[in-house]
Amino acid sequence: MRKKRFSPGIALLALSVSGCGMAATVPDRDIVVPAEPTSIDFVDPTTVVGLSTRTLTNGDSADGTYAHITYPELDEAPALNRTLRERARAQLRAFRERAKTRAAGPRPELNVNWQLAASSPRAVAVRMRTGEKLKAGWYYSTRTYWFDPRDGRAVGSSGLLAGEDALRRLGVLVKRELIQERGSRIVAGGIIADADRFDSMAFNRDGDLVVEFDDCQAGPCRLGRVAAAVPADDVTPLLSGLGARAQDGVRAAARKAAEDLNGPPPTDDPADDTEAVRNLAVTTDCSETKCVALTFDDGPGPHTGALLDKLQEGRARATFFPLGANAAADPSLVLRMSAEGHLVGNHGWTHRNLSGLPTSKIADSLRRAGNAISVATGRTPTLVRPPYGAVGPELRAVAAEQGMSLVTWDVDTHDHKGGKSADIAERAVRAAHPGAIILMHDIHRETVDAVPDILKRLRGKGYSFVTVPELYGTAGMQAGRMYRSGSEQPLT
């Protein structure tokens, strides 16, 4: 798939942070619905060449916490990559420290995901959205980092402004906008014009500067997201050189998106790929053959391509459970999974523990992820791997409603803890048995390096490598039921 380098195109289907989306024409009517001013039109990551995703997880969950952080890496932005990597590591360390002192209650969880708030030859912006649960509820915070392609620097959001005086003047404008919009609900003391408080800023399509605040920062916690859009005419005199270029880049991208809105639809349909259909038709009778199902979670990532190479060389099929956000960022790898005979399932959108969410949010996570996968492959996934293997009655109900079976595992290679490839292979081979569902993660280089040894040793023991549904043969798999091994009955 060819990508434009730092393409200014805006994804027409991208979600806005306010939930309103971009201005859209109502079907069959000449009515245009205006976008909320604090909406940000996020860039489709597939239009950015050299972009891949990185993942940082809680390597040892023995401390009773869940943690999953994803962030982008761009070939042409090494300074930005370092900033994001250091931020992710610092967040994980801080979360672990806070979790040590928590009171008894639900299992603490940290979830961090990203979006591109801008990507053009003028400027690149990555918006990191953090959700943290230490007690009963979630606390959300946001930071946006900017990269200047001209000098290769990465800066925080305050780098969009021309110094401390500009930041102070912006604080006055933001307070004015918030009080006009929300009145007495805004905590005036929360509008402190400093780099730490004004750490998430980006431009909307009109060039207005959108300033976002963390939960409870600029008003009562019940308000949720609080953001202000400072009009372009007011903010332009306050911008630094980077800020002015970033503003121009977002405006140019919006114009181009409007021009391309009525362009021809894509003509290629991955579902029509005859090689994919041929490969997917290959099946093994596991009632007559010793079978194991290798499963890989959390990708696609930087090592997924190499893994696919190794599986192809080893003539082995597997089941992949990519995250929806990662699949949307690299659909070509997801298509390759399917085209080479592997099965692609659903792992949710951002790796949140679905068992602790209301049914509406579970359904949204699975639906968004399923849509990203079906766009890439032309096929709707019918299997879901619950993040962390956590399953509750709400998740079962949503899976049944959406026609999906739940798949966990009965062999854990513990590759998420790190360690040597030889140790990962040893754990997989030692615990394997007919009908085993083996858990691994294609985001780890050590795991990918272990695969040839796993294939060689298990094949030497007479095993065939199949997709999860093949373990169950003609009995099939039922929606809403949980499967952890081909040698066990499903759990209802």
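Trainee: Where is Tyr-388 found?
Mentor: Tyr-388 is found in the loop between E15 and helix H10 (393–401), where helices (H or I, at least four residues) and strands (E, at least two) are DSSP runs numbered from the N terminus. This is a predicted model, in which local features need pLDDT of at least 70 and side-chain atom pairs count only at pLDDT 80 or more, while totals for chains, interfaces and linings use all residues. Residues are numbered from 1 along each chain as its sequence is written, and side-chain values use heavy atoms, with hydrogens and water left out.

Trainee: What is the phi of Tyr-388?
Mentor: Tyr-388 has a positive phi of about 65° although it is not a glycine. Most residues other than glycine have a negative phi, and most peptide bonds are trans. Tyr-388 is partly exposed, with a relative accessible area of 24%; buried means under 20% relative accessible area, exposed over 50%, and partly exposed in between, with a 1.4 Å probe and protein chains only.

Trainee: And Asp-298, is that buried or exposed?
Mentor: Asp-298 is buried, with a relative accessible area of 2%, and its phi is also positive, near 80°, in a residue other than glycine. Its place is in the loop between E12 and H6. Pro-300 is found in that loop too, between strand E12 (290–297) and helix H6 (304–313), and a cis peptide bond joins Gly-299 and Pro-300, with omega about -10°.

Trainee: Back to E15, which strands form a sheet with it?
Mentor: Three strands form an open sheet in the order E15-E16-E20, with parallel pairing; two strands pair if DSSP finds at least two bridges between them. Strand E15 (383–384) and strand E20 (482–483) stand at the edges, each with a single partner strand, so one side of each is left without a neighbour in the sheet. Strand E16 (residues 405–407) pairs with E20 over two bridges, and Leu-406 has Met-482 in E20 as its bridge partner.

Trainee: New topic: how many residues of strand E10 are buried?
Mentor: Five of the five residues of strand E10 (residues 209–213) are buried, so E10 is largely enclosed by the rest of the structure. In a regular strand the side chains alternate between the two faces of the sheet. Both faces of E10 are covered, with Leu-209, Val-211 and Phe-213 buried on one side and Val-210 and Glu-212 buried on the other.

Trainee: What does E10 pair with, starting with strand E9?
Mentor: Strand E9 (residues 201–203) and E10 pair in the antiparallel sense over three bridges, and Phe-203 stands opposite Leu-209 in E10. The hairpin of E9 and E10 has five residues between the strands, and Gly-207 there takes a positive phi near 90°. Five bridges join E10 to strand E11 (residues 226–230), and these two run antiparallel, with Glu-212 opposite Ala-227 in E11.

Trainee: Where does Cys-216 lie, then?
Mentor: Cys-216 lies in the loop between E10 and E11 and is partly exposed, with a relative accessible area of 36%. Not counting residues up to four places away in sequence, Cys-216 touches Tyr-139 and Cys-221, contact meaning heavy atoms within 4.5 Å. Cys-216 and Tyr-139 are 77 residues apart in sequence and 8.6 Å apart in space, C-alpha to C-alpha.

Trainee: Now the helices: how do the axes of helix H11 and helix H12 cross?
Mentor: The axes of helix H11 (residues 421–431) and helix H12 (residues 445–460) come within 8 Å and cross at roughly 40°. That makes H11 oblique to H12. Axes are lines fitted to C-alpha atoms, for helices over the stretch in contact, and angles run from 0 to 180 degrees between N-to-C directions; under 35 degrees counts as roughly parallel, over 145 as roughly antiparallel, 65 to 115 as roughly perpendicular and the rest as oblique.

Trainee: Which residues in H11 meet H12?
Mentor: Ser-421, Ile-424, Ala-425, Glu-426, Ala-428 and Val-429 in H11 meet residues of H12 that include Asp-449, Ala-450, Ile-454 and Leu-458.
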